[in-house]
Amino acid sequence: PRQLRNEHGVPWADSVLQLPLREKMLPIPSGAIPIEFRRGFVDCLLTNSSVFAEQADAIFATTPLTHLVAESEYVAQESPVHELAECKHLERLCSLSLRRHSLRIDGTQELMGSPHLGGLRELSLPHAGIGLNALRHILQSESLGSLTSLDLSGNELADSSMQAMVDSSLLDSVEVLNLSANRLSANGIQKLVESGQAFRELNLGGNKKSPDGARMLANWNGLAEVETLSLWSSGLDDAAVRALIQSPHWQRVTSLNLSSNKKLTHATVEALCTTQSMDQLRELNLANCGIEEVGAHALSRAESLINLTRLNLAVNKLGDEGVAAIVRSPMVGHVRELDLHLNRLTDQGVKEIANSRQLANVEFLDLSNNARITDAALEALSVSPHLEQLATLLLGSNNHLTLAGLETLVNSRLLLNLARG
């Protein structure tokens with residue numbers, strides 16, 4: 001449970017990893033927990049790749065590790081991975097994530113040449129300088145036949161790379177594919193659509209901006225298998241979103257990320273609210289989509305969004321009236337995570353939140369960067385009878401808050417809830 005991890009995670013990490021090993025696991029801030037516990041066992045480790053290669057024997061002597069997140073010490077230059085590639089303990093991993101590794105062609109070839117990757121089911125190589133030639137080494141690897149999750153976000157993959165991927169057998173077993181923040185155009189998405197591949201989770205956000213990609217996905221038979229779809233910052237317009245969510249193949253999507261599509265208007269919100277298939281949606285991200293009060297009122301009337309558990313409306317222009325409409329709505333009755341940061345809120349908007357019976361299930365609330373919030377907002381939160389489940393409250397960059405206001409919160413029943421969470 002989260003409470004036990006928060007209270008005992010650091011000493012547990014120290015006892016498992018032992019002090020000499022933990023001191024070598026830089027850069028880990030003081031008080032941070034570099035390991036994850038799953039079913040009572042240490043299962044995931046955060047370290048840098050050279051330390052892992054050097055200390056692998058000691059690590060596996062203390063924990064049955066299966067997930068490794070390794071950071072590089074060479075941020076501004078190509079990252080050597082030969083020691084990691086030669087480490088025999090890689091064969092015990094089912095998940096490998098290399099962060100801040102500038103692999104490019106040589107590093108990718110070296111890593112994919114390792115004979116110890118056969119157990120991997122999840123591979124994450126974000127921002128690694130991977131283009132078509134480096135990608136070919138991944139596609140030709142004989143060790144990745146069991147891969148179910150592949151993250152190549154933030155690389156240099158263009159449409160020719162997508163063609164190479166669909167022509168290979170690597171994607172046959174992949175269920176989770178993240179190609180966000182690359183150089184794909186609508187033509188690249190078309191190649192994916194024509195391939196007949198299907199995925200449970202698909203992230204194509206942050207590529208070349210064009211609404212045509214979403215229209216192509218709307219006609220894709222594989223859309224019927226998608227449960228999580230992310231198209232953030234994709235240049236979508238209202239017509240593209242409408243075609244997508246009203247597609248006959250839109251059947252299983254429970255998580256949808258449309259954030260930072262600034263061409264969207266309240267017409268998209270209306271479509272989301274009135275499309276019957278939206279009733280299966282559990283997570284909706286409309287951050288930074290320019291939603292104003294009229295869009296907020298449309299959301300508040302959305303009977304089809306009644307099952308949401310996560311709602312992100314950050315960096316919009318909801319204002320107090322817009323937020324009031326949303327938090328009074330049954331639409332948020334099951335929401336556990338609500339992000340309203342940077343939404344032009346004042347004390348009145350926060351008072352609406354504090355007084356909302358609909359927010360009884362909220363565990364996470366972000367009200368940061370609403371610069372007009374004062375201590376009166378904290379007082380309203382501190383006496384709220386409805387936020388008993390709240391475990392995380394973010395109030396950063398609200399410069400009108402004072403120490404006295406924070407003390408009011410500290411001395412309230414709400415803080416006991418936060419501490420318990």
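This is a predicted model: local features need pLDDT of at least 70, side-chain atom pairs count only at pLDDT 80 or more; totals for chains, interfaces and linings use all residues.
Reader: Start with α6. Which of its residues are buried?
Author: Ala134, Leu135, Ile138 and Leu139, in a helix that spans residues 132–139. Buried means under 20% relative accessible area, exposed over 50%, partly exposed in between (1.4 Å probe, protein chains only). Helices are DSSP runs (H or I, at least four residues), numbered from the N terminus.

Reader: Why do they line one face?
Author: Seen down the axis of α6, they fall within an arc of 145 degrees, so they line one face. The arc is taken from the directions from the helix axis to the C-beta atoms.

Reader: What do they pack against?
Author: Helices α5 (104–112) and α7 (159–167). Contact means heavy atoms within 4.5 Å.

Reader: And Arg136: where is it?
Author: Also in α6. Arg136 counts as partly exposed because its relative accessibility is 37%. Its C-alpha is 9.4 Å from that of Ser168, 32 residues apart in sequence.

Reader: Switching to the core. How many residues are in the largest one?
Author: The largest nonpolar core has 116. Such a core is a set of buried Ala, Val, Leu, Ile, Met, Phe, Trp, Tyr and Cys residues joined through side-chain atoms within 4.5 Å. Phe52, Leu152, Leu305 and Leu367 have the most contacts inside it.

Reader: What does Leu152 touch?
Author: Not counting residues up to four places away in sequence, its contacts include Leu135 and Ile138. Also among them are Met165, Asn178 and Asn182.

Reader: Next, α11 and α12. What is their crossing angle?
Author: Roughly 0 degrees, with the axes of α11 (residues 266–274) and α12 (residues 293–300) coming within 9 Å. That makes α11 roughly parallel to α12. Angles under 35 degrees count as roughly parallel, over 145 as roughly antiparallel, 65 to 115 as roughly perpendicular and the rest as oblique. Axes are lines fitted to C-alpha atoms, for helices over the stretch in contact, and angles run from 0 to 180 degrees between N-to-C directions.

Reader: Which residues meet there?
Author: His266, Val269, Glu270 and Cys273 in α11 meet Val294, Gly295, Ala298 and Leu299 in α12.

How values were computed: Residues are numbered from 1 along each chain as its sequence is written. Side-chain values use heavy atoms; hydrogens and water are left out. Helices (H or I, at least four residues) and strands (E, at least two) are DSSP runs, numbered from the N terminus.
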